[in-house]
Amino acid sequence: MGSYNQNLYQIVFGTKHRRKTLEANNRPELYKYIAGILAKKKCHLYQIGGIEDHVHIVTHIHPTVALAFLVKDIKIASNEYIKSKNLFPAFDSWQIGYGGFTYAIEAKKNLIRYVQNQVEHHRKKTFKDEYIELLIEHEVEFDEKYLFD
């Protein structure tokens, strides 16, 4: 018998100190680079998006890939890429942590739309407020003083 799975994740991480350094004109290049990392790890990217201070990734994670190592690889490689290409001149680095949230496959369409509409969504809500809501929605215990670095 074969092995079958569906590991749908939303991965969220921000810039260091939530600095608004991810300028809109170069975000597509960053997203394409991250998509390449996911493809090499046999993960299926459904959607990637964000605004000036954070990124959302909706992906199926291959069962041989650990979430923590995947995020670490994405952040290290994209950090080096951003700096080598001078993609975002004011970018310093990514925040230390990340959020990884699992979803039932039925949520995929709404989740994709949510990430596609990040610019509109953040006209009304900060990244900090959005992130805290995600933690509460997914019943993740946290101490607010350790959320962002």
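# Getting to know this predicted model

Reader: At 29% relative accessibility, which class does aspartate 73 count as?
Author: Welcome! Please keep in mind that this is a predicted model. Buried means under 20% relative accessible area and exposed means over 50%, with partly exposed in between. Aspartate 73 has a relative accessibility of 29%, so this residue counts as partly exposed.

Reader: Which side chain meets that of aspartate 73 in a salt bridge?
Author: A search of the whole structure finds 6 salt bridges. In one of them, nitrogen and oxygen are 2.6 Å apart, and the partner of aspartate 73 is lysine 41.

Reader: How many residues apart in sequence are the parts that aspartate 73 and lysine 41 tie together?
Author: Lysine 41 is partly exposed, at 28% relative accessibility. Lysine 41 sits in the loop between helix H1 (27-40) and strand E2 (44-51), while aspartate 73 belongs to helix H2 (residues 67-85). The pair therefore joins parts whose separation in sequence is 32 residues.

Reader: Glutamate 120 forms a salt bridge with arginine 123, so to speak; which of the two is exposed?
Author: The closest N and O atoms of glutamate 120 and arginine 123 are 2.4 Å apart. Glutamate 120, at 39% relative accessibility, counts as partly exposed. With 61%, the exposed residue is arginine 123.

Reader: How many residues apart are lysine 128 and glutamate 144?
Author: Their side chains meet in a salt bridge, with 3.3 Å from N to O. Lysine 128 is in helix H5 (residues 127-137) and glutamate 144 is in the segment after H5, so this pair links distant parts of the chain, 16 residues apart. To return to what you asked, the separation is 16 residues.

Reader: Why is the ring pair of phenylalanine 91 and tryptophan 94 edge-to-face?
Author: The count of aromatic pairs in this structure comes to 5. For phenylalanine 91 and tryptophan 94, the ring centres are 5.0 Å apart and the planes meet at 65 degrees. Planes over 60 degrees apart count as edge-to-face. The reason is therefore the angle of the planes, 65 degrees.

Reader: Are phenylalanine 91 and tryptophan 94 buried or exposed?
Author: Phenylalanine 91 has a relative accessibility of 6%, which counts as buried. Tryptophan 94, with a relative accessible area of 7%, is likewise buried.

Reader: Where does tyrosine 131, the ring partner of phenylalanine 101, lie?
Author: These two rings have their centres 6.5 Å apart and their planes at 70 degrees, so they form an edge-to-face pair. Phenylalanine 101 is buried at 3%, and tyrosine 131 is buried at 5%. Phenylalanine 101 is part of strand E4 (residues 99-103), so the pair ties together parts 30 residues apart in sequence, tyrosine 131 being in helix H5.

Reader: Which element supplies the largest share of the largest nonpolar core?
Author: This core holds 26 residues, and Ile11, Leu30 and Ile57 touch the most other members. At least two residues each come from strand E1 (8-14), H1, strand E3 (54-60) and H2. The largest share, 7 residues, comes from H2.

Reader: How many residues are in the second, separate core?
Author: First, a look at one member of the largest core: leucine 30 touches Leu22, Ser78, Ile82, Leu87, Phe88 and Trp94, leaving aside residues up to four places away in sequence. The second core is separate and includes Val12, Tyr103, Leu111 and Val115. Its size is 14 residues.

Reader: How many of the 7 residues of E3 are buried?
Author: In a regular strand, side chains alternate between the two faces of the sheet. On one side of E3, His54, His56, Val58 and His60 are all buried, and on the other so are Val55, Ile57 and Thr59. The number of buried residues in E3 is 7.

Reader: Which residue of E3 stands opposite isoleucine 48?
Author: E1 and E3 pair in the antiparallel sense over 7 bridges, and there phenylalanine 13 faces valine 55 in E3. E2 and E3 also run antiparallel, joined by 7 bridges, and a hairpin connects them through 2 residues. Opposite isoleucine 48 stands isoleucine 57.

Note on methods
Residues are numbered from 1 along each chain as its sequence is written. This is a predicted model: local features need pLDDT of at least 70, side-chain atom pairs count only at pLDDT 80 or more; totals for chains, interfaces and linings use all residues. Side-chain values use heavy atoms; hydrogens and water are left out. A salt bridge is a side-chain nitrogen of Lys or Arg within 4 Å of a carboxyl oxygen of Asp or Glu. Helices (H or I, at least four residues) and strands (E, at least two) are DSSP runs, numbered from the N terminus. Buried means under 20% relative accessible area, exposed over 50%, partly exposed in between (1.4 Å probe, protein chains only). Rings of Phe, Tyr and Trp (its six-membered ring) pair if their centres lie within 6.5 Å; planes under 30 degrees apart count as stacked, over 60 as edge-to-face and the rest as tilted. A nonpolar core is a set of buried Ala, Val, Leu, Ile, Met, Phe, Trp, Tyr and Cys residues joined through side-chain atoms within 4.5 Å. Contact means heavy atoms within 4.5 Å. Two strands pair if DSSP finds at least two bridges between them.
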